[in-house]
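Work through the exercises below with the model open beside you. Each task is followed by its solution in steps.

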Amino acid sequence: MEIFNDLLKFSVVDVIDVILVALLLYYVYKLVKGTVAINIFIGIIIIYLVWQLTNFLNMELLSGIFGGFMKVGIIALIVVFQPEIRKFLLMVGSTNFSKRGKIFKQFKFLKTETSDETNVDAILSACIKMANSKTGALIVFERNNNLDFLTTTGDEMNIKVTQPIIESIFFKNSPLHDGAIIVSNNIVKATRVILPLNNEKSIPKRFGLRHRAAIGVTEKTDALALAVSEETGTISYFKDGEFVVFDDNTQLNLMIKKDLA
């Protein structure tokens, strides 16, 4: 009966509290999904649930052991989850609120076509042409996370996106072709950008540093990335640190537009 009485006392604040905890756990899961840390995360959840169960059953000895582990283990967790914690803090601290405008712009019925929308058609056309000539390229699309901390590693620019501009940047004899470019609001913000590499995930041997860099930047931020292989002429799309599979260039075009919306 005591449980039912507690349920009756459930307030709106309690509902909000539960929703926020659920959201927090969801985003933590997204951060560690696909990494070795996911097994540790699941293990922590299991230990926490067992701890709460031993508390509920008044098993004082086991409860004390698990409780001590949970309290002291926080230091070990900071060490183990250092990359994930860094990514989480980066996402919180570098969220580019001004990029999306006012909050009401998030609602679809209030969205209007604006001139600052990234010209995905031009970028993809350039990638297809570069793929045919086996010209290597790496293009990063900025979304909510501000990538200014990366633009400083290259040459800052302010060039409107067009197909000839993209092709000329990655032309093999161009001084700008090394590294990645960052595109935001239909503007090339920077060229020759050095991206963080991912050395944990195994990728096919035919892919090189461009693809590892694309995995790294999309894993550490919410950016999207397109890579054109210099060896095979293959176009690869990356999101959340993973290769995104697509059937053809038309589907890829729609996927990028949807992810940038």
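**Exercise 1.** Describe how helix H6 packs against helix H8.

Step 1. H6 and H8 (residues 163–170) pack with their axes 8 Å apart and at an angle of about 40°. Helices here are DSSP runs of H or I with at least four residues, strands are runs of E with at least two, and both are numbered from the N terminus. Axes are lines fitted to C-alpha atoms, for helices over the stretch in contact, and angles run from 0 to 180 degrees between N-to-C directions.

Step 2. That angle makes H6 oblique to H8, since angles under 35 degrees count as roughly parallel, over 145 as roughly antiparallel, 65 to 115 as roughly perpendicular and the rest as oblique.

Step 3. The contact (heavy atoms within 4.5 Å) involves Ala122, Ile123, Ser125, Ala126, Lys129 and Met130 on the H6 side. On the H8 side it involves Gln163, Ile166, Glu167 and Phe170.

Step 4. Sorted by class, this contact of H6 with H8 holds six nonpolar, two polar and two charged residues. Ala, Val, Leu, Ile, Met, Phe, Trp, Tyr, Cys and Pro count as nonpolar, Asp, Glu, Lys and Arg as charged, and the others, Gly among them, as polar.

The model is predicted: local features need pLDDT of at least 70, side-chain atom pairs count only at pLDDT 80 or more, and totals for chains, interfaces and linings use all residues. Residues are numbered from 1 along each chain as its sequence is written, and side-chain values use heavy atoms, with hydrogens and water left out.

**Exercise 2.** Describe the packing of H6 and H10.

Step 1. The axes of H6 (residues 120–132) and H10 (residues 249–260) come within 10 Å and cross at roughly 140°. This makes H6 oblique to H10.

Step 2. From H6, the residues in contact are Val120, Asp121, Leu124 and Ile128. They meet Asn249, Leu252, Asn253, Ile256, Lys257 and Leu260 of H10.

Step 3. By class, the contact of H6 with H10 has six nonpolar, two polar and two charged residues.

**Exercise 3.** In what order do the strands of the open sheet lie?

Step 1. The seven strands follow the order S2-S4-S3-S1-S5-S6-S7, with mixed pairing. Two strands pair if DSSP finds at least two bridges between them.

Step 2. S2 (155–160) and S7 (242–244) are the edge strands, each pairing on one side only.

Step 3. S1 (residues 137–141) and S3 (residues 180–184) run parallel and are joined by three bridges. Val140 stands opposite Ile182 in S3.

Step 4. H6 packs on the sheet and touches S1, S3, S5 (224–228) and S6 (235–239). The direction of H6 makes about 25° with that of S5.
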